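Reader: Please show me the model. I have some questions about how its parts are packed.

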Amino acid sequence: MSTQVTAQRFSYARLIAPIVLVLFVVGWYQFSIVYIQGADNQLVASGNLAVYVPIQQVNGYLAALLDATYIAASAGLIVFVYHLAKLLRIRSRR
Amino acid sequence: MLPEHVLPFGYAFVYAAFGVSGFLLGWVAQRGNYCFVNAMSSVFTTRSYDRFGALLILFGVSALMTGLLVVVGVVPAVDQYYDNYFSGWYVVVGAVIFGFGATMAGGCNLSMLYRAASGYVQNWLELVGMMVGTYIFAVVIWPFQSYTMANGILSTKLGAYTEYLPYDLFHSVSQTSVGVAAALLGVPLVALGLVLQRRTRSKRLLDGALTSGTGISLTMAAPASAGPAGPLPSIGLQGTRLGFASAKDILLLRRPYGANLSTLLLAGTLLLVFVSGAGYTFNYLVITSSDGGRFLEYILMPFGVNLALGTPWYNDALPIVDPSVLMVVMLIVGAFLASYLSGDFKVRVPRQRKRLAIGFSGGVLVGVGVRTALGCNVGLMWTNFAQLGYDGMLFLFAMLFGVWIAVKVQRRLV
């Protein structure tokens with residue numbers, strides 16, 4: 001198989017998708033810190049304790065989410081670098 | 001009685017366990033193409049019971065394993081029944097609507113998420129429709145439904161141990177009664193699942209033989225004892241009986257998981273949260289509330305709208321965050337990585353544009369249905385079998401009915 005055909009078959013979606021994953025998990029973590037904590041505080045301020053979540057739980061969520069974010073973002077970056085190297089190798093052969 | 005902690009590691013550990021469980025759930029469901037709705041609709045379309053049998057095995061194994069953990073004293077009985085739902089008209093009505101909507105949209109709550117993460121645009125729209133449906137439920141149905149629940153109109157009023165089969169059958173929550181109830185519920189389900197799978201595989205073998213011209217000899221050769229249609233125990237474990245080459249292919253993501261291997265792995269994810277979440281939270285798999293309700297709530301937060309402040313259901317029944325949030329997020333991550341690394345990932349837009357509209361409207365029905373039923377095929381049906389309740393059975397039959405109607409409608413539409 002010629003390198004040209006291989007290069008044509010390289011899907012750029014495979015390069016973009018891991019970046020989307022990294023942005024998703026990092027964005028979710030940032031969102032949780034800013035908005036979920038804020039919404040929880042709003043509930044206390046308005047006296048609605050039916051759906052309020054105690055601070056220990058929110059902290060547990062954020063701690064676990066931080067670890068999950070590191071792991072998922074690392075996995076996404078590794079996959080991205082792998083496919084980037086693959087793409088560069090294909091291009092250098094052309 | 002109040003729930004008791006089984007593990008002393010605190011909320012960070014509980015959330016992490018739910019995250020791991022969600023990741024595995026997404027990964028395994030994607031690799032096994034595990035869909036409750038497809039399993040049920042194939043019963044009516046192709047008369048295939050292979051996947052439906054796997055579902056029954058999943059429910060049976062879940063009931064047996066959680067029951068066993070209570071019997072040997074790892075998990076107290078109170079942690080098994082404490083969060084049992086109310087039961088009533090809404091479970092039946094909601095499950096019918098859900099079964100119909102999910103079949104039309106092309107995915108149950110579990111498959112909607114892993115297919116959306118694998119690039120299926122129709123399932124993206126189903127997810128959006130589900131958010132809209134959840135909002136419709138919250139403002140239109142929930143005020144009426146909560147009134148009937150509070151007043152016991154076609155509804156039970158207590159939940160917890162009153163919905164617990166060991167108590168309903170023996171008026172006791174002792175370890176013995178839990179063990180007997182788990183066996184009474186789980187063993188017939190597993191046996192029925194195995195029998196249905198055996199029947200389908202025997203039929204498939206026979207059909208294959210007939211079309212290949214060896215039909216007569218195979219018909220006479222007692223199919224129940226030959227090859228893939230062998231005796232009961234080996235049929236049930238067929239999906240898990242792997243050679244080295246097959247195991248290698250599965251590990252390297254070259255080959256999808258079989259229905260029964262997926263079933264056992266999924267049951268494992270349920271047991272993980274059952275033990276780790278005991279005493280802290282709803283210690284079962286639950287994905288409905290998060291994806292349908294919370295995602296809409298979360299999307300609106302940056303615009304300064306907090307549904308939890310004034311909208312019915314959001315302001316009295318949906319905590320702002322719980323372990324299922326991390327479960328759903330990690331389910332999406334797990335399903336995405338599984339599809340991406342196996343080469344399955346691709347953004348797929350259906351050729352027929354009307355499929356997009358059907359996906360969205362089906363999603364609306366899914367949202368209305370699952371919230372009316374107080375849970376989805378995972379959070380209520382599967383979970384309730386593991387809780388040793390009876391709502392799961394109600395949901396199962398009602399959902400089958402909804403799926404059957406949808407199959408009829410789809411035949412008319414085609």
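Reader: How many of the 10 residues of α2(B) are buried?

Author: First, the ground rules: this is a predicted model, where local features need pLDDT of at least 70, side-chain atom pairs count only at pLDDT 80 or more, and totals for chains, interfaces and linings use all residues. Residues are numbered from 1 along each chain as its sequence is written, while chains are lettered from A and ligands numbered from 1 in the order in which they are written. Helices (H or I, at least four residues) and strands (E, at least two) are DSSP runs, numbered from the N terminus. A residue is buried if 20 or more other C-beta atoms lie within 10 Å of its own, exposed if 12 or fewer, and partly exposed in between, with C-beta atoms placed from the backbone. On that count α2(B) is largely enclosed by the rest of the structure, because the number of its 10 residues that are buried is seven.

Reader: Which elements cover the buried residues of α2(B)?

Author: The buried residues are Phe36(B), Val37(B), Asn38(B), Ala39(B), Met40(B), Ser41(B) and Val43(B). Contact here means C-beta atoms, placed from the backbone, within 7 Å. The cover includes α3 (50-71), α5 (89-105), α6 (109-117), α18 (377-386) and α19 (391-413) of chain B.

Reader: What is the phi of Asn33(B)?

Author: Asn33(B) lies in the loop between α1 and α2 (36-45) of chain B. It counts as partly exposed because 17 other C-beta atoms are within 10 Å. Most residues other than glycine have a negative phi. Asn33(B) is not a glycine, yet its phi is positive, at about 45 degrees.

Reader: Which span does α1(B) reach from its first C-alpha to its last?

Author: Helix α1 of chain B covers residues 11-32, 22 residues in all. The expected span is 1.5 Å times one less than the number of residues. That gives an expected 32 Å, and the helix comes close to it, at 31 Å.

Reader: Where does Leu154(B) sit, and what is its phi?

Author: Leu154(B) is in the loop between α7 (121-151) and α8 (165-170) of chain B. It is partly exposed because it has 13 other C-beta atoms within 10 Å. Its phi is positive, near 50 degrees.

Reader: Which element gives the most to the side of chain A that touches chain B?

Author: The interface has 28 residues of chain A in contact with 28 residues of chain B. On the chain A side, the elements giving two or more residues are α2 (13-45) and α3 (55-93). By class, that side has 20 nonpolar, six polar and two charged residues (Ala, Val, Leu, Ile, Met, Phe, Trp, Tyr, Cys and Pro count as nonpolar, Asp, Glu, Lys and Arg as charged, and the others, Gly among them, as polar). With 12 residues, the element that gives the most is α3(A).

Reader: How do α2(A) and α16(B) run relative to each other, roughly parallel or roughly antiparallel?

Author: Their axes are 12 Å apart, at an angle of about 170 degrees. Axes are lines fitted to C-alpha atoms, for helices over the stretch in contact, and angles run from 0 to 180 degrees between N-to-C directions. Angles under 35 degrees count as roughly parallel, over 145 as roughly antiparallel, 65 to 115 as roughly perpendicular and the rest as oblique. So α2(A) and α16(B) are roughly antiparallel.

Reader: Which residues of α16(B) meet α2(A)?

Author: By class, this contact has eight nonpolar, no polar and no charged residues. From α2(A) come Ala17(A), Leu21(A), Val25(A) and Trp28(A). They meet Val329(B), Val333(B), Phe336(B) and Tyr340(B).

Reader: Which residues of chain B does Leu43(A) contact?

Author: Leu43(A) is in helix α2 of chain A. It is buried because 20 other C-beta atoms are within 10 Å. Leaving aside neighbours within four places in sequence, its contacts include Asn48(A), Val51(A) and Tyr52(A). From chain B they are Ala308(B) and Ile320(B).

Methods: Two residues are in contact if their C-beta atoms, placed from the backbone, lie within 7 Å.
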